[in-house]
Amino acid sequence: MGLWHVFYEDWQMECCGTPFSVGDEVSWPLLLVDADTVLGGGWRDQVTEVAGPVEDVGGVRMVREETGLPVALGADPEAEEDRRPQRGSRARSVGLLTVERHGARWPEAGGRVRAVQVLTQTWAETAPGSRTYGPVAGERGLRAVERCPRWFTETERERGADGRGRSSRESGVVVTLDVPGTDSRLSRALREARGIPQQDAEPGAETRGIETADLTALLETLSTTTPPRRPTGGSRRRHAGT
């Protein structure tokens with residue numbers, strides 16, 4: 001089994017998602033997006049690398065990750081040309097795995113939820129008094145929970161030292177998904193951290209015998225790949241095949 005960090009954005013859950021708990025079996029359509037376009041960027045430990053042959057499935061550009069994970073590649077509607085890897089080629093892309101339940105449909109990835117963390121993002125006015133808020137890059141925190149909430153909360157707004165209004169908003173959850181028949185950089189990093197030999201390691205050995213709380217804490221210390229190079233996919237609320 002391979003471990004994969006997946007970002008489930010608040011509006012996706014509140015619109016048409018189904019809450020889930022640690023230990024639940026789930027099945028989601030996964031979209032790889034440019035991490036710099038999600039909540040202002042600044043992601044590091046949650047980014048993912050996928051590699052494998054590229055194909056079109058029902059008009060959706062996909063990578064069949066070489067260890068089995070099906071992942072759609074989002075198109076950037078602001079780009080003058082489609083920069084996604086071409087069908088029939090092999091691709092190696094780095095980005096943020098997200099749940100996308102709108103637009104086109106493609107094969108889902110199924111697995112067991114091993115950890116859930118609520119992501120709290122700082123938002124600030126684009127200019128003092130503008131009342132238009134945007135995410136502040138890198139200013140976010142993660143809080144381990146047993147169950148993904150159905151609705152997400154926002155703190156009371158306050159005025160920052162620069163005169164701009166600021167607030168902290170629960171903007172989704174980061175889920176660690178254990179997908180059978182796959183392997184990942186995250187799994188390899190966890191095996192290394194636990195002193196498990198990489199060669200001939202049994203599937204799932206990296207999580208065997210470790211409590212959920214200890215697994216979550218250990219995952220927080222692992223960086224799974226280098227920061228992504230632009231562009232590798234779509235942006236917030238951009239759909240596969242568009």
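Student: Which side chain does Arg-64 meet in a salt bridge?

Tutor: In this predicted model, the side chain of Arg-64 meets that of Glu-55 in a salt bridge, with 2.7 Å from N to O. In general, side chains of opposite charge can pair when their charged atoms come close.

Student: Ok, and is Arg-64 buried, exposed or partly exposed?

Tutor: Arg-64 is partly exposed, because its relative accessible area is 31%, and Glu-55, at 28% relative accessibility, also counts as partly exposed.

Student: How many salt bridges does the structure hold?

Tutor: The structure holds 15 salt bridges, and one of them joins the side chains of Asp-178 and Arg-114, at 3.3 Å from N to O. That pair links distant parts of the chain, since Asp-178 belongs to strand 11 and Arg-114 to strand 8, 64 residues apart.

Student: Is Asp-178 buried or exposed?

Tutor: Asp-178 is buried, because its relative accessible area is 3% and the limit for buried is under 20%. Arg-114 is buried as well, with a relative accessible area of 10%.

Student: What about Glu-206, which side chain does it meet in a salt bridge?

Tutor: The side chain of Glu-206 meets that of Arg-191 in a salt bridge, at 3.3 Å from N to O. This pair too links distant parts of the chain, with Glu-206 in the loop between helix 2 (185-193) and helix 3, and Arg-191 in helix 2, 15 residues apart. Glu-206 is buried, with a relative accessible area of 1%, and Arg-191 counts as buried at 5% relative accessibility.

Student: Which residues are linked with those two in a network of salt bridges?

Tutor: Asp-183 and Arg-188 are linked with Arg-191 and Glu-206 in a network of salt bridges.

Student: New topic: how many disulfides does the count come to?

Tutor: The count comes to zero disulfides. In general, a disulfide is a covalent bond between the sulfur atoms of two cysteines.

Student: Let's go inside, then: how many residues are in the largest nonpolar core?

Tutor: The largest nonpolar core has 30 residues, and those with the most contacts inside it are Phe-20, Trp-28, Leu-30, Leu-69, Leu-97, Val-116 and Val-173. Among the elements that give two or more residues to this core are strand 1 (2-9), strand 4 (48-57), strand 7 (90-99) and strand 8 (109-125). In soluble globular proteins, nonpolar side chains tend to be buried together.

Student: Which residues does Leu-30 touch?

Tutor: Leaving aside residues up to four places away in sequence, Leu-30 touches several residues including Val-6, Leu-69, Pro-70, Leu-97, Trp-106 and Ala-109.

Student: And how many residues are in the second, separate core?

Tutor: The second, separate core has 17 residues, including Val-33, Met-62, Ala-72 and Trp-123.

Student: Last one: where is Thr-221 found, and is it buried or exposed?

Tutor: Thr-221 is found in the segment after helix 3 (212-219), and it counts as exposed because its relative accessibility is 57%. From C-alpha to C-alpha, Thr-221 and Leu-190 are 9.7 Å apart in space, while in sequence these two are 31 residues apart.

Technical notes
Residues numbered from 1 in each chain as written. Predicted model: local features only at pLDDT ≥ 70, side-chain atom pairs only at ≥ 80, totals over all residues. Heavy atoms only, no water. Core = buried A, V, L, I, M, F, W, Y, C linked by side-chain atoms within 4.5 Å. Buried < 20%, exposed > 50% of the residue type's maximum accessible area, 1.4 Å probe, protein only. Helix = DSSP H or I, 4+ residues; strand = E, 2+ residues; numbered from the N terminus. Contact = heavy atoms within 4.5 Å. Salt bridge = Lys/Arg side-chain N within 4 Å of Asp/Glu carboxyl O. Disulfide = S-S within 2.5 Å.
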